Amino acid sequence: AAALLTREHCRVSIPLDAGDSNLAAAINTMQLIAPTAPSEARSRPGFRAFFELGVEHILTGFDHLLFLGALLVCVRRIGPMLAVITCFTLAHSVTLALAAMELVNVSSRIIEPLIAASIIVVGVENLIRRDAQRDRYFMAGGFGLIHGFGFASALHETGLGRTGSEIVLPLFSFNLGVEAGQLAVAALVVPLLLWARQLPKFARFG
């Protein structure tokens with residue numbers, strides 16, 4: 001006998017030969033379970049999962065951290081440091097959203113070398129014009145747009161739906177996780193930089 005089980009028809013009756021006791025005993029030990037709908041079979045990740053993904057991505061994203069560190073190493077006061085971090089945050093949040101919703105698509109073959117180039121450019125700038133503080137704001141914003149595409153690639157790897165309301169919560173929680181991880185790193189690095197600046201050798205060679 002054959003039967004198709006659905007959510008609406010989750011039970012089936014199979015007539016048995018009264019004389020076949022072995023078959024009857026075997027059927028009685030079985031539990032027939034109707035298939036669940038795909039949406040129920042696998043629950044979608046929630047706020048916490050995407051938040052933790054964002055934190056993990058920034059803490060293991062050494063290219064992003066190197067870029068941010070290079071921006072901050074020549075800034076001497078806490079106010080401008082926070083301004084640089086804010087410029088970087090606003091810029092990469094914009095392109096992260098655009099890329100996650102597939103409004104703008106840029107190949108990782110282009111983005112990854114540009115991210116590496118951003119670290120080199122800021123490093124050279126630090127050697128040549130170490131006191132050009134205003135330049136750090138423009139570089140944080142300009143290169144931050146590029147880094148946002150790098151963040152979006154991590155979000156795409158989750159197979160997230162990219163249209164409609166499905167994208168809102170994951171995008172918000174992932175970006176919030178990135179910012180939380182970024183601020184956690186800054187909270188450690190900024191006081192360390194301020195302390196190191198008091199050392200003559202760091203001021204000269206650092």
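Entry on conventions. I note that this is a predicted model, in which local features need pLDDT of at least 70 and side-chain atom pairs count only at pLDDT 80 or more, while totals for chains, interfaces and linings use all residues. Residues are numbered from 1 along each chain as its sequence is written, and side-chain values use heavy atoms, with hydrogens and water left out.

Entry on the overall make-up. I found nine helices and zero strands, taking helices (H or I, at least four residues) and strands (E, at least two) as DSSP runs numbered from the N terminus. Among contacts (heavy atoms within 4.5 Å) with a separation of 6 or more, residues 24 or more positions apart account for 78%. The protein exposes about 12,900 Å², of which carbon and sulfur atoms supply 64%; accessible areas come from the Shrake-Rupley method with a 1.4 Å probe, and for residues only the protein chains shown count as cover.

Entry on helix H3. I checked the length of H3 (residues 47-60): its 14 residues should span 20 Å at 1.5 Å a residue, and its end C-alpha atoms are 20 Å apart, which agrees; the expected span is 1.5 Å times one less than the number of residues. I then listed the buried residues of H3, which are Phe50, Gly54, His57 and Ile58. They cover an arc of only 90° around the axis, which puts them on the same side of H3, the arc being that of the directions from the helix axis to the C-beta atoms. An α-helix has 3.6 residues a turn, so residues three or four places apart point the same way. The buried residues of H3 pack against helix H4 (62-72), helix H7 (133-156) and H8.

Phe47, which is found in H3, is partly exposed at a relative accessible area of 34%. I traced Phe47, together with Leu169, Phe172 and Leu176, to a nonpolar patch on the surface with about 360 Å² of accessible area together. Helix H8 (residues 168-196) gives the largest share of this patch, three residues.

Entry on Thr86. I located Thr86 in helix H5 (residues 78-100) and read a relative accessible area of 41%, partly exposed. Thr86 and Tyr137 are 51 residues apart in sequence, yet 9.0 Å apart in space, C-alpha to C-alpha.

Notes. Patches are made of residues with over 30% relative accessible area and no salt bridge: like charges are joined within 9 Å, nonpolar side chains (Val, Leu, Ile, Met, Phe, Trp, Tyr) within 5 Å. A salt bridge is a side-chain nitrogen of Lys or Arg within 4 Å of a carboxyl oxygen of Asp or Glu. Buried means under 20% relative accessible area, exposed over 50%, partly exposed in between (1.4 Å probe, protein chains only).
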